[in-house]
Amino acid sequence: MSDISPKAADRVAVIPARGGSKRIPRKNVKPFCGKPMIAWSIEAALASGCFDRVIVSTDDDAIADVAREWGAEVPFRRPEALADDHTGTVPVIAHALDWLEAHGDTPRQVCCVYATAPFVQADDLRRGLAILEAEGADYVFSVTSYAFPIQRALRLTAEGRVAMFQPEHAQTRSQDLEEAFHDAGQFYWGRAEAWRQALPLMGPGAAPAMLPRHRVQDIDTPEDWQRAEWLFRSLQAEDA
């Protein structure tokens, strides 16, 4: 059976999932709370109803097999040059766009959904799309707030002491400091033209889709993985 859909795709989800993760080997398909990690992202994308096609961009046959098993398409293999530790998100999505256009699809909007984002929810993807269209933004991506004022952050000196990054705020009350936010690392909606032109994801044309902190967890180390599973199971228990 061909992976190529006969339907013209106006909106496409692209899930990047390379095979060479080092800190957590086989991270994209490692079992997470009962399913391969990537399955959670595929299911959220499919359940959102936002997409004409949900595509996994991978260089790895085993990841491709798992992706298909959970309902995604894998119509191409990502080139080796775009599958190393230094390749950013934008060129991977641009490559997928080039492939789609070469095969007869010209999507207007593309959403990158990270393969290691088990907390991503269909409602968040729908809300991100609504913001993209309402704001006329280049991109909309998931964002959450820092739990502690970044203006009070500390660094370690060469002598093993602590120093403030912004010592002028040593006596400033926390409630008087501007709230700060960071990328939640779950999804990035964008206009196809923004991806093609390699506009910066966090540039002036980007808008936030806010998420609560309790649904955000980076998963880069085994400790992160364990914490994410604890948090995920807790959220599942609350919803049961």
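Mentor: Ile38 is in contact (heavy atoms within 4.5 Å) with Ile15, Ala17, Asn28, Val29, Val56, Ile63, Val66 and Ala115, leaving aside residues up to four places away in sequence. The model is predicted, so local features need pLDDT of at least 70 and side-chain atom pairs pLDDT 80 or more, while totals for chains, interfaces and linings use all residues. Residues are numbered from 1 along each chain as its sequence is written, and side-chain values use heavy atoms, without hydrogens or water.

Ile38 belongs to the largest nonpolar core, which has 33 residues; Ile38, Phe51, Val56 and Trp189 touch the most other members. Such a core is a set of buried Ala, Val, Leu, Ile, Met, Phe, Trp, Tyr and Cys residues joined through side-chain atoms within 4.5 Å. Buried means under 20% relative accessible area, exposed over 50%, and partly exposed in between, with a 1.4 Å probe and protein chains only. Among the elements that each supply at least two residues of this core are strand 1 (11–16), helix 1 (37–48) and strand 4 (53–57). Here helices (H or I, at least four residues) and strands (E, at least two) are DSSP runs, numbered from the N terminus. In soluble globular proteins, nonpolar side chains tend to be buried together.

Elsewhere, ring pairs link Phe32, Trp40, Phe119, Trp225 and Phe232 into a cluster. Rings of Phe, Tyr and Trp (its six-membered ring) pair if their centres lie within 6.5 Å; planes under 30 degrees apart are stacked, over 60 edge-to-face, and the rest tilted. Both Phe32 and Trp225 are buried.
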